[in-house]
Amino acid sequence: MTHSIAATFERHTLVPGTAHGGLWLGPNFLIQPGVVPRCHRAFFIESDRTGGDSTQKTFAFAPTQHMPDELGMHHWRQTWLRRRVPTGLQRRRDATGHEFVPSLPWGWHHASNTGLAVGGVVRHRRGKLADHVRHLAIAYATYQPRRSSFTHWESFQIEIDGVPRPSISACQGLELPDGDLLLPFSVIKNFDGWNSARWVGTIRCSYNGKKLVPGEVGNLQTYPAPRGFVEPSIAAFGGTFFMTLRAEDGHGHVATSKDGLHWTEAKPWRWDNGTPIPMDQTMTKFLVHSDGLFLVYTRICPEGENVFRYRAPLHVARIDPTRPALIRSSERPVFTSRGYPMGNFQVYTVSPKESWITVPEWDRTGRDASCDVLLSRVLWDAPNRI
């Protein structure tokens, strides 16, 4: 239990900051997993240098040929071509002039053999966010590999007491053995602008490769801190479900469940010696191997003192699932700090041999800084059988 399974972390620069004028965020890959995985698309969001949404637009890339076993990422900028963002994934305008902008992180649904993106949608007007918290919704879209086509995104809100409420599901969910999806979400029960308390839970959805149908909602919980709990991610390991949460109390939190719907009260993440781990309000996500469960996170540490919310360096550590707690001796850097925040990241299972962690550096000051988009290939020393 005291050593990481991961044999090697190979670090690459996907997009150098000198290659573009704006700030590239949200690196997101649509990958069909397998012994030799195929990568269909890469998506990036370009924003202004402060990370505002006023200039947000999406870029899509596709490989020039089928990807080899290593997916060609060493020289991806030479072998990938920019593509038009599929029509179904673009923003939409309503009759009042408001634009609804989707954010769609991709995964793969094994039972239907389709790509499935589940994320969120926010509202804009004249290039700026417009009362978007009130209009938060869960968005999803599908990729059909036989036709190499994308569906138009659809959206819904979680119903609380029979009333749809502002809600979002933009972090890690999971596919259950019967093909149903278990999605973590945050929802606003009582609207109070940006400071509205978010509640978190999970919803079980059916999915047939085309339509996502909301089903049973589990218990909800919040926290007596600004905005409550946000950005939940879930994973399953050893017969237990785990949920990791962001809060604004100086800690990340964790809850467990036996059925994926009914959760224990969330508690702060701790080291295996019982000491609480200080974390400055940023996301945490799971890295899952069939033989071990890991957490990817940032924390308050001396190396991050000059970084916004201590969002660098990015760490990974193995979880002792019986507590649950992080095994401190197993902690390793995913990326060291160059002084830029790295708080928004994605984790992928690519093949039995490797997983990926992608993250953008994000200066957030408006300077013309050379912020890179980074990839860490996690090369397992034992096959991942999930």
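Trainee: In the hairpin of β21 and β22, which residue takes a positive phi near 60°, and how many residues lie between the strands?

Mentor: That's Gly238, and the hairpin has 2 residues between its strands. Before we go on, some housekeeping: this is a predicted model, where local features need pLDDT of at least 70 and side-chain atom pairs count only at pLDDT 80 or more, while totals for chains, interfaces and linings use all residues. Residues are numbered from 1 along each chain as its sequence is written, and side-chain values use heavy atoms, with hydrogens and water left out.

Strands here are DSSP runs (E, at least two residues), numbered from the N terminus, and two of them pair if DSSP finds at least two bridges between them. As a rule, strands of a sheet pair through backbone hydrogen bonds, either parallel or antiparallel.

Let's follow β22, which covers residues 240-246. On one side, 6 bridges tie β21 to β22, and the two run antiparallel; you can find Ala236 standing opposite Phe241 there. Towards β23 (residues 252-257), β22 again has 6 bridges, also antiparallel. Look for Phe242, whose bridge partner in β23 is Thr256, and for Arg246, which stands opposite Gly252. The hairpin of β22 and β23 has 5 residues between the strands, and in it Gly250 takes a positive phi near 90°.

What about the side chains? In a regular strand they alternate between the two faces of the sheet. In β22, Thr240, Phe242, Thr244 and Arg246 point one way, and Phe241, Met243 and Leu245 the other way. Every one of these is buried, meaning under 20% relative accessible area with a 1.4 Å probe, protein chains only. With 7 of its 7 residues buried, β22 is largely enclosed by the rest of the structure.

One last stop, away from the hairpins: the cysteines. Taking a disulfide as a pair of cysteine sulfur atoms within 2.5 Å, the count comes to 0. For Cys205, the nearest cysteine sulfur is that of Cys171, 16 Å away; Cys205 is buried, at 1% relative accessibility. For Cys301, the nearest is that of Cys371, 19 Å away, and Cys301 is buried too, with a relative accessible area of 3%.

How values were computed: Helices (H or I, at least four residues) and strands (E, at least two) are DSSP runs, numbered from the N terminus. Buried means under 20% relative accessible area, exposed over 50%, partly exposed in between (1.4 Å probe, protein chains only).
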